[in-house]
Each structure stands twice: as C-alpha cells, then as structure tokens.
Amino acid sequence: MLIVESLTDKKRIPTYNRDKVISLGDVAVYTTETEVPLYKVLNSVKTKEEGKSAAIDLHVATSDDLRAYMAEILPDFDRDRVYPTDIKRLLSWYNILLSAGITDFEPEKEEAEEAEKEESVKDESKKAAKTTKTAAVKEVSVPKKAATRARQPVAKTTQRTRQK
C-alpha cells in the first residue's frame with residue numbers, strides 16, 4: 001500500500017497494488033530518435049510560457065492546435081506515437097504543478113544517488129543470500145534410504161478412514 005497526497009486539495013488517499021500509479025519521473029515523451037524525460041519537456045513548457053500556466057485552452061483546442069503547440073515545445077516529437085490526449089495530459093500536469101507551487105522540474109541528484117546506492121546494496125544482499133542458501137544445501141545431505149521412504153505416498157485421511 002502506498003499513501004499519496006493530492007496536489008489540489010491536499011487529501012491523502014491509500015493506493016493499492018491494483019491501482020495504477022506511476023511516478024512522473026518515470027514518464028517520457030517519444031521523439032523520432034529517442035525518448036525525452038518529462039522534466040525536460042516541462043522545462044520547455046515553462047520557458048515557452050515564461051513560468052505562467054499554459055496559454056492554450058485544453059477544452060476547446062483541436063488536435064491540430066495541440067500538435068502545433070507541442071511542435072513549439074519539442075520540435076522532434078513523434079507525431080505517430082504521441083496522441084492529442086497525451087499532450088492534453090502533459091499540459092494539465094504542468095498547470096497542476098504550477099498551481100501547487102512546484103516550478104523546479106529538475107530531478108534531485110541526491111535522490112537519484114541514494115536510489116542507486118540502495119539498488120547496489122540490495123543486489124549485494126541478494127548475492128550473499130544466494131551463496132548462503134547454496135552453502136546450506138551443500139552441508140545437509142540426506143541418506144538415500146530416508147529419501148526413498150519420504151517419496152512413498154501417505155494414505156489420505158478421509159471420513160471413512162477416521163471412522164475405522
């Protein structure tokens with residue numbers, strides 16, 4: 001379970017495994033060559049709009065208007081894989097973040113470094129756990145006679161066998 005806080009009304013809501021929750025740091029926009037991280041695109045919108053909310057009206061804008069706006073922000077975006085609904089979602093995220101007072105879209109370097117350290121520590125602990133498991137298996141050996149006895153099926157207990 002993960003507890004998330006809404007940026008608009010500050011309510012805290014639990015999310016479970018069945019809920020689809022994605023960090024904005026994991027989102028990227030398709031371009032013709034690679035994928036551009038969301039923070040770079042949000043910074044481009046911020047520079048275009050000079051730190052103000054998006055000038056385009058998302059409810060009235062046509063798909064051609066949205067694609068033209070996106071071309072101003074990210075000229076080499078992939079027009080086949082980036083849909084107008086994606087552009088609307090991107091601009092609504094930008095407006096929500098601005099209204100919440102979040103204007104610095106750069107990822108924090110300390111968090112990225114800490115995450116890398118945690119992953120390396122987890123990998124080392126997994127490797128250590130695997131080596132101890134294999135060592136434990138090597139130390140314990142079962143005699144052949146005991147192993148054959150263990151393989152013989154055990155009678156199932158049913159109501160009739162319990163009554164006898």
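Me: How long is the polar contact that joins the side chains of Glu-106 and Asn-43?
Reply: Heads-up: this is a predicted model, where local features need pLDDT of at least 70, side-chain atom pairs count only at pLDDT 80 or more, and totals for chains, interfaces and linings use all residues. Residues are numbered from 1 along each chain as its sequence is written, and side-chain values use heavy atoms, with hydrogens and water left out. A polar contact is a pair of N or O atoms within 3.5 Å; within protein, one must be able to donate a hydrogen and the other to accept it, and residues adjacent in sequence count only if both atoms are side-chain atoms. Between the side chains of Glu-106 and Asn-43, the distance is 2.7 Å.

Me: Which residues does Glu-106 touch, not counting residues up to four places away in sequence?
Reply: Glu-106 lies in the loop between α3 and α4 (109-139); helices (H or I, at least four residues) and strands (E, at least two) are DSSP runs, numbered from the N terminus. Contact means heavy atoms within 4.5 Å. Skipping residues up to four places away in sequence, Glu-106 touches Tyr-39 and Asn-43.

Me: What does Glu-106 count as, going by relative accessibility?
Reply: Buried means under 20% relative accessible area, exposed over 50%, partly exposed in between (1.4 Å probe, protein chains only). Glu-106 has 42%, so the label is partly exposed.

Me: How far apart in space are Glu-106 and Gly-25, C-alpha to C-alpha?
Reply: In sequence, Glu-106 and Gly-25 are 81 residues apart. In space, their C-alpha to C-alpha distance is 9.6 Å.

Me: At roughly what angle do the axes of helix α1 and helix α3 cross?
Reply: Two packed helices are described by the angle between their axes and the distance between the axes. Here, axes are lines fitted to C-alpha atoms, for helices over the stretch in contact, and angles run from 0 to 180 degrees between N-to-C directions. The axes of α1 (residues 38-49) and α3 (residues 84-99) come within 11 Å and cross at roughly 70 degrees.
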